[in-house]
Amino acid sequence: MKIWKGYQKGINLGGWFSQCDYTEERYDNFIREEDFAVIRSWGADHVRLPIDYNLLEDASGAPIERGYERLETVVGWCRANDLNMVLDLHKTAGFSFDPDEKEAGFFDNEAYQERFYRLWERIARRLGRHADMLAFELLNEITEKEYGELWNRISHECIRRIRQYAPDTYILVGGYYHNSAVAVKDIAAPYDDRIIFNFHCYEPLIFTHQAAHWMPDMDKNFRISVSATFGEMYKAAREQNAEACAGLDTWPADTRLTTAYFEQFMAEAVNAAARYDVPLYCGEYGVIDCARPEDALVWFTLIHGAFEKYGIGRAAWSYREMDFGLSDARMDGVRDELVKVL
């Protein structure tokens, strides 16, 4: 499998231009220029920047010039700190991975799809000249499996249009079930030789999302250790949220988390990428701030072993706050060790 050079160790900048209140105060102050130097000091080679369409266009779809100026500024900060960048469209008109965003209809509405294409054409015209250090991620976390084939057609058409303005830019494409590793095998054959297959990994979800306030039925006082057996995790997952059970019951109940678990979880995606000879990238992975920092360090160490074995580039979620903050004060006691295994 190909290695995506320059995108092996990254940090997400979630909550800055996405999943936010879209105020100038937020845009100006949540992440600042000095944060890029911190990220570089952690040994990162790139950042992943989630953006929502609200940054770049108004309710009618008309461009917002100030939003493009902000992206140019971020590109400059990356260059000044020897960092590459993935530009991730986290929300488009008519679709968000988060139902609370109240965006719907994208996969049933050609007008929304055309708006999506036009947005990417504008981005490509403005930023395509930065192909030496900037990659485009078409859309974050397609949700339902039934969208898979349609998404394959939409993504190919979008890439075709981008290529008119950005022929050399790397483009990331993920699959259904919120960019699950199991969906990589169903991503369409790469449009050209500048395509990256993308997935996310928060497994086992019952550990990484323990007490998550956005998960239905999750007890906000629930806690579980990274050293719990798979039997204990599976039981807790069934009690807390059935979505958090994925794969745990396929291992003996007395199994505890090791790198082998992640190797098995990623193997099918690795094989799919190898079949097309494209690089594989994990755009998000991380542990909620409800978990003990020491447990989070163990989890990151274990998943790091699988990334290194397969040569998978990745970006940890997330730099600040967003329930996963790596720079937050609570991580001070483990951060020096943590940044070694991101």
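In the predicted model, helices H9 and H10 cross with right-handed geometry. H9 and H10, the latter comprising residues 293–310, pack at an angle of about 40°, and their axes lie 8 Å apart. On the H9 side, the contact is formed by Thr259, Phe262, Glu263, Met266, Ala267 and Val270. H10 contributes Trp299, Leu302, Ile303, Gly305, Ala306, Phe307, Lys309 and Tyr310. Classified by residue type, the contact of H9 with H10 contains 10 nonpolar, 2 polar and 2 charged residues.

Trp251 is placed in the loop between helix H8 (230–240) and helix H9 (259–276). Leaving aside residues up to four places away in sequence, Trp251 touches Phe230, Ala260, Tyr261 and Gln264. The C-alpha atom of Trp251 is separated by 8.6 Å from that of Gly231, and these two residues are 20 positions apart along the chain.

A second pair of packed helices is formed by H4 and H5, the latter spanning residues 148–162. The axes of H4 and H5 come within 9 Å and cross at roughly 35°, and the crossing is right-handed. The residues of H4 that take part are Gln113, Glu114, Phe116, Tyr117, Trp120, Glu121 and Ala124. These residues meet Leu150, Trp151, Ile154, Glu157, Cys158, Arg161 and Ile162 in H5. The contact of H4 with H5 has 9 nonpolar, 1 polar and 4 charged residues.

H4 (residues 110–127) also packs with H3, at an angle of about 45° and with the axes 11 Å apart. This angle makes H3 oblique to H4. The crossing of H3 and H4 is right-handed. From H3, the contact draws on Glu65, Tyr68, Leu71 and Glu72, while H4 supplies Leu119, Arg122, Ile123, Arg126 and Leu127. The contact of H3 with H4 comprises 5 nonpolar and 4 charged residues, with no polar residue.

H3 also takes part in a pocket. The second largest pocket holds about 150 Å³ of space. Its lining consists of 14 residues, of which Trp16, Tyr27, Arg70, Thr73 and Trp77 are the closest to the pocket centre. Two or more lining residues are given by each of helix H1 (24–29), helix H2 (33–41) and helix H3 (65–80). The largest share of the lining, 6 residues, comes from H3. By class, the lining of the second largest pocket divides into 7 charged, 6 nonpolar and 1 polar residues.

Several features of the backbone are located in loops. Asp82 has a positive phi of about 60°, although Asp82 is not a glycine. This residue is situated in the loop between H3 and strand E3 (84–92). Two cis peptide bonds are described here. The peptide bond from Glu203 to Pro204 is cis, with omega near -15°. Pro204 belongs to the loop between strand E7 (195–201) and helix H7 (205–208). A cis peptide bond also joins Trp317 and Ser318, for which omega is about -5°. Ser318 is found in the loop between strand E9 (313–316) and helix H11 (335–338).

Key: Residues are numbered from 1 along each chain as its sequence is written. This is a predicted model: local features need pLDDT of at least 70, side-chain atom pairs count only at pLDDT 80 or more; totals for chains, interfaces and linings use all residues. Side-chain values use heavy atoms; hydrogens and water are left out. On a 1 Å grid over the protein atoms alone, a cavity is a set of points where a 1.4 Å probe fits but cannot get out, and a pocket is an open set with protein on both sides within 12 Å along at least five of seven lines; lining residues have an atom within 4 Å of a point. Grid points are joined across faces, edges and corners, and a volume is the space filled by probe spheres set on the points. Helices (H or I, at least four residues) and strands (E, at least two) are DSSP runs, numbered from the N terminus. Ala, Val, Leu, Ile, Met, Phe, Trp, Tyr, Cys and Pro count as nonpolar, Asp, Glu, Lys and Arg as charged, and the others, Gly among them, as polar. Axes are lines fitted to C-alpha atoms, for helices over the stretch in contact, and angles run from 0 to 180 degrees between N-to-C directions. Angles under 35 degrees count as roughly parallel, over 145 as roughly antiparallel, 65 to 115 as roughly perpendicular and the rest as oblique. A crossing is left-handed if the near helix is turned anticlockwise from the far one by less than a right angle, and right-handed if clockwise. Contact means heavy atoms within 4.5 Å.
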